[in-house]
Structures are given as C-alpha cells and as structure tokens.
Amino acid sequence: MLFFKRNISKLSDEELLTHYIKSGNTEYFGELYNRYIPLLYGLCLKYLQDEDRAQEAVMQLFEDLLPKMGNYEIKVFKPWLYRVGKNHCLQLLRKENKEISLDYSINVMESDEFLHLLSEEESSEEQLKALHHCFEKLPEEQRLSITRFFLEEMSYADVAEQTGFTLNNVKSYIQNGKRNLKNCIKKQTL
C-alpha cells in the first residue's frame, strides 16, 4: 500500500484524473483533491467569510464531485476546480439570500484576466503547453510574484511580505511577468 501511495503522488493532475475515471479508485481522486485543499479553503474563506463554513464547503465539494467526475470533460484540473469552488460558494450564499459583494478592485480584474489564460474552454492544448513553457522562462522574481498573487490569491502586500520584495517591485514583477507571458505565448502559438 505504501508503494501505491508513493507512486500516485508522482502522477500529474491529468494522470490522476484519468486513472480515477477509468478505475473508479477513490485514492486517485483523493490524491488529486488533496493537492488543492489549501487553494479551495482560501477561496471558500474569501466568499463565505467563516472558517468553519469554508472547511465544510471544501468537504462538501469533495463529496459532491467524487461520484460525478466522469460526467465532466476536464482538460486542466486546477482552473476547473477553482471555478467549481467559486460557483459552489456563490450557490451557498444565494440559498441564504445573502447579498454577494464583489470587489472590483484591480486585484480581481488581474486575477480573472490571468485565469482566462488557464481557462480550459478558451485555451487549446497548444496554448497551455506554451503557457507552461513560457512560465518557466520567466525571471524568478516574476514567476514567484505571479504564483503567489494569482495562484495562491495573495494580495500585493502579502506577496511583498512573504518574498521580501517592495510593494512597487511586486506590482512591477506581476505586470512585467504578465506582459512577458503574453508575448511569449503569442510567439509559441504562431
């Protein structure tokens, strides 16, 4: 059993998903889901504004998704799961007839724009490969700032605090990194 655990932890998201759908072995989906629990918890906490409710939502998502995974066509798991998690939280808030406040700050706009690059509906496999290739070519400061800001959903201030960069440098690294990614992807997909 220990050998099995070590082997599945080395599989990519897409490999885990494929194995789960083909075999029905919940360990594959459990491994995949566990990779993104911190991301989902942060997302749910952002919308639900309560730690217990956020934890509950993360567990409910797992229970809801487990039997239905074969019904979805998923090309890239992480952005798909992010959208499913966001929709789950919004549905919970709607059921309670709570007002859903949206923050239209630059952080949200930038995050949505970047996640659009990762969108499975909008991106071909070629574009996603180009994105991964180009992301690896970014300077370390840009890659780190983009990862923390977009994928870990930290604020500019949090990124600055965690990395030791100045706030202005963080903003600059993110802007330059986005521009570099966009230009590199265009060159790769022509």
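A helix, as the word is used here, is a DSSP run of H or I that is at least four residues long, and helices are numbered from the N terminus. With that in hand, look at helix H9, which covers residues 140–151. Arg-143 and Glu-140 both sit in this helix, three residues apart, or about one turn. Their side chains meet in a salt bridge, with N and O 2.5 Å apart. Keep in mind as we go that this is a predicted model.

Glu-140 comes out at 47%, which makes Glu-140 partly exposed. Arg-143 has other neighbours too: leaving aside residues up to four places away in sequence, Arg-143 touches Phe-135, Glu-136 and Leu-138.

Now let's step back and take in the whole chain. How many helices and strands does the chain have? There are 11 helices and zero strands. If you follow the elements from the N terminus on, you read α-α-α-α-α-α-α-α-α-α-α. The chain has 190 residues, and 38% of them count as buried. There is also a hint here of how the chain folds back on itself. Take the contacts between residues at least 6 apart in sequence: 59% of these join residues at least 24 apart.

H2 is made of residues 13–23 and H3 of residues 26–35, and their axes come within 8 Å of each other. The axes cross at roughly 150°. Angles over 145 degrees count as roughly antiparallel, and H2 and H3 are therefore roughly antiparallel to each other. Their crossing is left-handed. Which residues make the contact? On the H2 side you'll find Asp-13, Leu-16, Leu-17, His-19, Tyr-20 and Ser-23. On the H3 side there are Thr-26, Tyr-28, Phe-29, Glu-31, Leu-32 and Arg-35. Sorted by class, the residues of this contact are six nonpolar, three polar and three charged.

Some of those names come back when we turn to salt bridges. Asp-13, Glu-31 and Arg-35 are linked in a network of salt bridges. Zoom in on one pair: Arg-35 forms a salt bridge with Glu-31, and the closest N and O atoms are 3.8 Å apart. A salt bridge needs that distance to be within 4 Å, so the pair at 3.8 Å makes the list. Arg-35 and Glu-31 are four residues apart in helix H3, so about one helical turn separates them. Arg-35 is partly exposed, with a relative accessible area of 29%.

Helix H4 (residues 37–48) and H5 have axes that come within 8 Å and cross at roughly 130°. That angle makes H4 oblique to H5. H4 passes H5 in a right-handed crossing. From H4, the residues that meet H5 are Ile-37, Leu-40, Tyr-41, Cys-44, Leu-45 and Leu-48. Facing them in H5 are Glu-51, Arg-53, Ala-54, Gln-55, Ala-57, Val-58 and Leu-61. By class, this contact has 10 nonpolar, one polar and two charged residues.

Arg-53, one of the H5 residues in that contact, has another partner as well. Its side chain meets that of Glu-96 in a salt bridge, 2.6 Å from N to O. Altogether, the count for the chain comes to four salt bridges.

One last stop is Asn-87, which is found in helix H6. Asn-87 is partly exposed, with a relative accessible area of 44%. In sequence, Asn-87 and Cys-44 are 43 residues apart, yet in space their C-alpha atoms are 10.0 Å apart.

Technical notes:
Residues are numbered from 1 along each chain as its sequence is written. This is a predicted model: local features need pLDDT of at least 70, side-chain atom pairs count only at pLDDT 80 or more; totals for chains, interfaces and linings use all residues. Side-chain values use heavy atoms; hydrogens and water are left out. Axes are lines fitted to C-alpha atoms, for helices over the stretch in contact, and angles run from 0 to 180 degrees between N-to-C directions. Helices (H or I, at least four residues) and strands (E, at least two) are DSSP runs, numbered from the N terminus. Angles under 35 degrees count as roughly parallel, over 145 as roughly antiparallel, 65 to 115 as roughly perpendicular and the rest as oblique. A crossing is left-handed if the near helix is turned anticlockwise from the far one by less than a right angle, and right-handed if clockwise. Contact means heavy atoms within 4.5 Å. Ala, Val, Leu, Ile, Met, Phe, Trp, Tyr, Cys and Pro count as nonpolar, Asp, Glu, Lys and Arg as charged, and the others, Gly among them, as polar. Buried means under 20% relative accessible area, exposed over 50%, partly exposed in between (1.4 Å probe, protein chains only).
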